[in-house]
Amino acid sequence: MIAVPNKAQAAVISKISGPLLVVAGPGSGKTFCLVERVANILRTENTDPSRILISTFTEKAAKELVTRITSKLGGIGAVANPLDLTVGTLHSIFLKLLEEFRAHTRLQKNCTVLDQFDQQYFVFQQIREFREIEGIEQALGLNGPQSSWRFAGSLSAWLNKISEEGVSGEEMIKSNTPEMLASGQAYNLYQKILREFNYLDFSTIQVEMLRLLDNPTVCDEIQGRFDYLMIDEYQDTNTIQEKII
């Protein structure tokens, strides 16, 4: 059975030039609209699939999207190869770009990406240096003695929040408040240790991507690759992600 879009969905599918914001809840057909819109662009605009970037919230959703687009394109005469689309989570897309332009970053070959547990354990291993920062417990809002593991968890979450707000350690150190000073010192120390070990965490992936885009030549090259940028489940509370997009 061929799905027929309703009026609101049809408006999304047919809008293929200029900015478009879609506000929709679960089960309202967001993925359906995304698939149909991509097919419509490829069918009517004669666009090379490589010039379309689609970000989804999970890798599972990205794979499902490619499968559905492939099925849809097969039904309209296979006008393009969906494997040429740039589809993935923003983090996976950023990682590929960071690797491609690694010479313009602080990253070395075979960089390791830390998941949430790995990050907390990494901070735990360096805990003595962080505990020596005056006022760090107050900055984290900790009351009373904390085990090293719980302290590492609280600190990791705070460091991630700083990264996601797009704030630099230098900016915080300029603050007159002890909490911001301690936070800035901890953040700078953390970034220094990450560089020494050639590590990235999920939040720092975004930090490095924004730094990469601060290079005008690289930024122009990346921007010049895409005509369409579609973000599924846009994270408007993530400041640094918004800056990158």
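**View 1. The lining of the second largest pocket in this predicted model.** The residues that line the second largest pocket divide by class into 15 nonpolar, one polar and two charged. This pocket has a volume of about 360 Å³, and of the 18 residues in its lining, Ile222, Gln223, Leu229, Ile244 and Ile245 lie nearest its centre. At least two lining residues come from each of helix H4 (90–100), helix H11 (202–213), helix H12 (216–223), S5 and helix H13 (239–244), and H4 gives the most, with four residues.

**View 2. The largest pocket and the elements around it.** The volume of the largest pocket is about 900 Å³. Its lining is made up of 30 residues, and those closest to its centre are Leu20, Leu21, Val22, Ile231 and Asp232. Helix H1 (7–14), helix H2 (30–44) and strand S5 (228–231) are the elements that give two or more residues to this lining, with H2 giving the most, at five residues. Sorted by class, the lining of the largest pocket holds 18 nonpolar, seven polar and five charged residues.

**View 3. Strand S5 and its pairing with strand S1.** Strand S1 (residues 52–55) and S5 run parallel and are joined by four bridges, one of which pairs Ser55 with Ile231 of S5. In a regular strand the side chains alternate between the two faces of the sheet.

**View 4. The largest nonpolar core, with Ile222 as one of its residues.** This core has 43 residues, and those with the most contacts inside it are Phe130, Ile136, Phe151, Leu155, Met209 and Ile222. Helix H10 (residues 178–197) gives the most to the core, with seven residues. When residues up to four places away in sequence are not counted, Ile222 touches Leu97, Phe101, Met209, Leu212 and Leu213. Another core lies apart from the largest one and has 18 residues, including Ile41, Ala62, Leu65 and Leu85.

**View 5. Asn110 and Asn198, two residues with a positive phi.** Most residues other than glycine have a negative phi. Asn110, although it is not a glycine, has a positive phi of about 60 degrees, and a positive phi of about 60 degrees is likewise found at Asn198, which is not a glycine either. Asn110 lies in the loop between H4 and strand S3 (112–114), and Asn198 is in the loop between H10 and strand S4 (199–201). Are these two residues buried or exposed? Asn110 counts as exposed because its relative accessibility is 65%, which is over the 50% cut-off, whereas Asn198 counts as buried because its relative accessibility is 8%, under the cut-off of 20%.

**View 6. Arg128 in helix H6.** Arg128 is found in helix H6, which covers residues 127–131. Arg128 is exposed because its relative accessible area is 66%, a value over the 50% cut-off. Although Arg128 and Ser148 are 20 residues apart along the chain, their C-alpha atoms are separated by 9.0 Å.

Technical notes: Residues are numbered from 1 along each chain as its sequence is written. This is a predicted model: local features need pLDDT of at least 70, side-chain atom pairs count only at pLDDT 80 or more; totals for chains, interfaces and linings use all residues. Side-chain values use heavy atoms; hydrogens and water are left out. On a 1 Å grid over the protein atoms alone, a cavity is a set of points where a 1.4 Å probe fits but cannot get out, and a pocket is an open set with protein on both sides within 12 Å along at least five of seven lines; lining residues have an atom within 4 Å of a point. Grid points are joined across faces, edges and corners, and a volume is the space filled by probe spheres set on the points. Ala, Val, Leu, Ile, Met, Phe, Trp, Tyr, Cys and Pro count as nonpolar, Asp, Glu, Lys and Arg as charged, and the others, Gly among them, as polar. A nonpolar core is a set of buried Ala, Val, Leu, Ile, Met, Phe, Trp, Tyr and Cys residues joined through side-chain atoms within 4.5 Å. Buried means under 20% relative accessible area, exposed over 50%, partly exposed in between (1.4 Å probe, protein chains only). Contact means heavy atoms within 4.5 Å. Two strands pair if DSSP finds at least two bridges between them.
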